[in-house]
Amino acid sequence: MTPLLTVRDLSMHFGGVAALQGVTFTVARGAITAIIGPNGAGKTTVFNCLTGFYAAAAGVVRLQREEGEIDLMRAVHPTLQPRDYLNPRALARQAYGWMTGGTHKVVRAGVARTFQNVRLFRDMTVLENLLVAQHRLVERRLWAGILRTREYLAAEAAALDRAVAWLELFGMFEDANRLAGELPYGQQRRLEIIRALCTDPVLLCLDEPAAGLNPRETQALSRMILRLRDHHDLTILLIEHDMNLVMNISDHVVVLDHGEVIASGTPAAMQGHPAVLEAYLGVAEPVDGASGGGLREEVVPVSSLPPVPPKPRPPLIIDPSVADIEACPP
Amino acid sequence: MSIAASLKHAARWGGLTLLLSLPLSGWMLNGYQVTTTWHRPLWLAGGVFVGTLLAMALARLLEMPPLRKLRWRMQTKITVTRRPALPAWEWGVLLTIAATLPLWLSTYWLNVMILALIYAVLGLGLNIVVGLAGLLDLGYVAFYAVGAYGYALGSQYLGLGFWTALPFCALLAATFGTVLGFPVLRMRGDYLAIVTLGFGEIIRLLLNNGTEITGGPNGLPAPAPTLFGLELTRVAGQGGTPWHTFFNVTYNPNLRAVVIYMVLLAFLALLFFCVGRLQRMPIGRAWEALREDEIACRSLGINHVTVKLSAFAMGAAIGGIGGVFFAAAQGFVNPTSFTFFESALILAVVVLGGLGSSGGVVVAALVINILHELLREFSDYRVLVFGMAMVVMMIWRPRGLLSMRRQFFAVGKNL
Amino acid sequence: MNGYIVGQQVINGLVLGAIYGLIAVGYTMVYGIMGMINFAHGDIYMISAYLAAIFLALLTGAGVQSVPVALVLVLALTILFTAFYGWTVERVAYRPLRNSNRLAPLISAIGVSLILQNYVRISQGARNQGIPALIEGHVRVNAADGVTIGQVTYTQILIVSAALLSMGALAWIMRHTTLGRSCRATQQDRVMAELLGINTDHIIATVFIMGAAMAAVAGLLVTLNYGSFDFFIGFVVGIKAFTAAVLGGIGSLPGAMLGGVILGLCESLFSGFVNTDYKDVFAFAVLILVLVVRPSGLLGHPEVEKV
């Protein structure tokens, strides 16, 4: 079976500094692939190149869809072929592409992403955030929207249904009409994933989805990622520092260091891999060989974790939109 | 803060003002000499001293328990609600009152109202660009000028009538907006602000210097609108029939203003309605999302350049229409109506009304214009006050004075 | 084409460019450190022109006869008060907005610009003001074959040398002092600089003060050279100086000077040989062209988007 995403010889540099050098890996369809590596290894840069935010200096990024193969790099940053130098239509297309950029085309090809630092539309409600993600799916003709034609209303209702379905799946239905900026941090991260899902992707790229989450939330997240893979026909590419999460849910791990792929394979194979240990710990050999050292010590399977006791009472969250605290006399 | 500390604080700001204003207000250039006017910095410093004290006293007062609730209420909040700001029947009453104004307003005040409504139209247009899409356009007056001159020149050279000029000038201004916006909008940063600032000045310069076509500083005449093919002037142009001859009534010089007022009012109501709908459509949500986070928008498949461009062009088109109304109402156009101060005035309308709030913008346009008429003797201080209001609003109430409303969606569980 | 006219236009252009460069420094430094256009900077320059004229009139009235003494005193006082204005603007209108959304400081800046313009208009009147010609005389510039290709007034020589001197001083401060190092650090990463114990509020205020001081030098020099000004001069000059800053590469000090000189030369040659009425249109076209073709400017680094 051909992989969903093929990345070959991806190179990128900022000024004189090489951020990526010949990065090559594949993402199998229906699998969870994790990119790990020390800080500054170039993981997020890979994401930014994949999703068109950066123009890579060289390399190929191919997405295999049922309709055919899409060359993501070419779609986002088209280069003019010498034979087209005098072709007015090609020139016009090039100029238009240069003016408008092409990041949006990646999403249309079926790749969605989240960000390391949450990027929500904070002053908009949860549902509005999700509707923005579905802007392509709702009727776009101006007059239809202004006059609220039947087709427009139907399309809007369908979009809302889709948004609500995802919210329910992630247990956030109750927050549908809250402002995104008011949500607690863990929910904001979840909302960002839901928003990416609302663009209807085949490949979901998550940039450190567990950063800042507590162990319980991380566990819920890993269950959710597995569920997306198993029941929603999604392929997932994730960057993560939480080795526990990576080792437990991923099918394939790519290790990056100094902008190069130093190893890749199954999670188990990566745990004792000398190059990986060197990159993380600065030593080539496992520290204590017998029971597997270094990384393995951090790895605790989810099943062996003690059950999280129910909290004695929910934390006090004061919602300024419903409670008028200052009005209550002490 | 204790009283002594407050006094000290106020004295510090007063002293600062005194020092700062000493050379520029304490002496007035008079040829190559200066006239001493020391009372002015003293007044200024005294004003700042008293003002600071009053502001601090007010803040202190609002801290007190009985007023705390009031202060909390006064904060600008975002409410998620399904209820419209005003129910339909209130809109009906408002519109009816507005439509009956020409019956009892003097010609002078009718013209004031026309200008106020033009500012409301311009404010709504600029509000799409600045308030919704978050693009700072400092040369909005350029599109206003394109509309006004488009009508005047169009009627002179192409025989364009008022009704054809409306869509024509809207299209023309939108084209200008597109051509200007394309190279700039793809970039991050605030280059748009300075480019539009320059563009506003350039359009004025072109109008001022292109004497052969635009009449230079003297300007051009702009014809009155026609109503169902009938002219509203005393004497009709070639081949036209004046309204009063057709209906065999006495000529009413007020008619032109009344007709423009009514058409303008209808257009404003329509525009208000459309902007409200746009805000709840994919395009409007995309504008606001772009204002909040451009990178997130791009990651969701939104083409940020074309979406920004649509806001910019739509704002320009509305500015152009405002220009046509202005030219038709004034009867002539000249470059002095399209200076940077005009742009700043429209921006002040948007900022005071609250960025993104259509209702606030219309109210601000009306209040500012009517106050301006009532306080004619202070007109020297008008722009100064707008400048101060902009700074104060940005620091104190960046979301405007009224609370923002967001759309509530009634959704049920599917499962 | 006459060699004399070309030479003269080149000289005028260099002088104009030196002034644009001085003002552009203020834009480029503030943009570098805060990522915002300080729209009030053009008006700070306008204020300095008024201050220079007032101080000059005061000194003359007080009986200071020697031109060099008067100039030095006026320069010192103008720099002092203009810097004070720069500091106040930052303190009152920008500092409270440090952590607000992107639009707020821009609108606030426009507000400040309106306040300054109208404050001057109300307190000094709307009509043109001026100062008497202080420095008379000029030197002829001859080509190798003895043909005169232009003349340079002493004022122009003063302008170019003062501009070079103050730019050199600023460059030296930025490169060799602790203050300059802190400025550069804050420019690269404000949060990190703050974590390292740099008082970034203080640094930003200093940047405004330095920018205003450079604008003050420009204001005095312009007043000396052209003699007349009004409350609106800051507007167009501000746009042009910003163009110069963009042309040279925003954020770069040598870029600001280079951009200023190139823009000044282009504008002077354009108005000399094409059309004087449209010289502002030409400068604006340069701005658009630079933004389209090379937004990072001549000496700037291409901006890498932080995702």
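**Salt bridges, interfaces and a helix pair**

Modeller: Over all chains, a search of the whole structure finds 21 salt bridges. Keep in mind that this is a predicted model.

Biologist: Take D207(A). Which residue does D207(A) form a salt bridge with?

Modeller: D207(A) pairs with R113(A), and their closest N and O atoms are 3.9 Å apart.

Biologist: Now the contacts between chains. How many residues does the contact take from chain A and from chain B?

Modeller: Chain A gives 51 residues and chain B gives 45 residues. Between them the two chains bury about 4600 Å², with 63% of it on carbon and sulfur atoms.

Biologist: Which three residues supply more than any other three of the area that chain A buries against chain B?

Modeller: M99(A), D123(A) and I146(A), which supply 13% of that area.

Biologist: And how many salt bridges are there across the interface of chain A and chain B?

Modeller: The rule finds two. The side chains of D293(B) and R119(A) meet in a salt bridge, at 2.9 Å from N to O.

Biologist: How many salt bridges cross the interface of chain C and chain B?

Modeller: One, by the rule. The side chains of R121(C) and D380(B) meet in a salt bridge, with 3.6 Å from N to O.

Biologist: Switching to helices. At what angle do α2 and α4 of chain C pack?

Modeller: Helix α2 (residues 41–61) of chain C and helix α4 (residues 103–124) of chain C pack at about 25°, and their axes are 9 Å apart. Angles under 35 degrees count as roughly parallel, and α2(C) and α4(C) are therefore roughly parallel to each other.

Biologist: Is the crossing of α2(C) and α4(C) left-handed or right-handed?

Modeller: The crossing of α2(C) and α4(C) is left-handed.

Biologist: Which residues in α2(C) meet which in α4(C)?

Modeller: From α2(C), the residues are D43(C), I44(C), M46(C), I47(C), Y50(C) and I54(C). They meet S113(C), L116(C), Q117(C), V120(C) and Q124(C) in α4(C). By class, the contact of α2(C) with α4(C) has seven nonpolar, three polar and one charged residues.

Definitions and conventions:
Residues are numbered from 1 along each chain as its sequence is written. Chains are lettered from A and ligands numbered from 1 in the order in which they are written. This is a predicted model: local features need pLDDT of at least 70, side-chain atom pairs count only at pLDDT 80 or more; totals for chains, interfaces and linings use all residues. Side-chain values use heavy atoms; hydrogens and water are left out. Axes are lines fitted to C-alpha atoms, for helices over the stretch in contact, and angles run from 0 to 180 degrees between N-to-C directions. Helices (H or I, at least four residues) and strands (E, at least two) are DSSP runs, numbered from the N terminus. Angles under 35 degrees count as roughly parallel, over 145 as roughly antiparallel, 65 to 115 as roughly perpendicular and the rest as oblique. A crossing is left-handed if the near helix is turned anticlockwise from the far one by less than a right angle, and right-handed if clockwise. Contact means heavy atoms within 4.5 Å. Ala, Val, Leu, Ile, Met, Phe, Trp, Tyr, Cys and Pro count as nonpolar, Asp, Glu, Lys and Arg as charged, and the others, Gly among them, as polar. A salt bridge is a side-chain nitrogen of Lys or Arg within 4 Å of a carboxyl oxygen of Asp or Glu. Buried area is the accessible area (1.4 Å probe) that two parts lose on being put together, summed over both.
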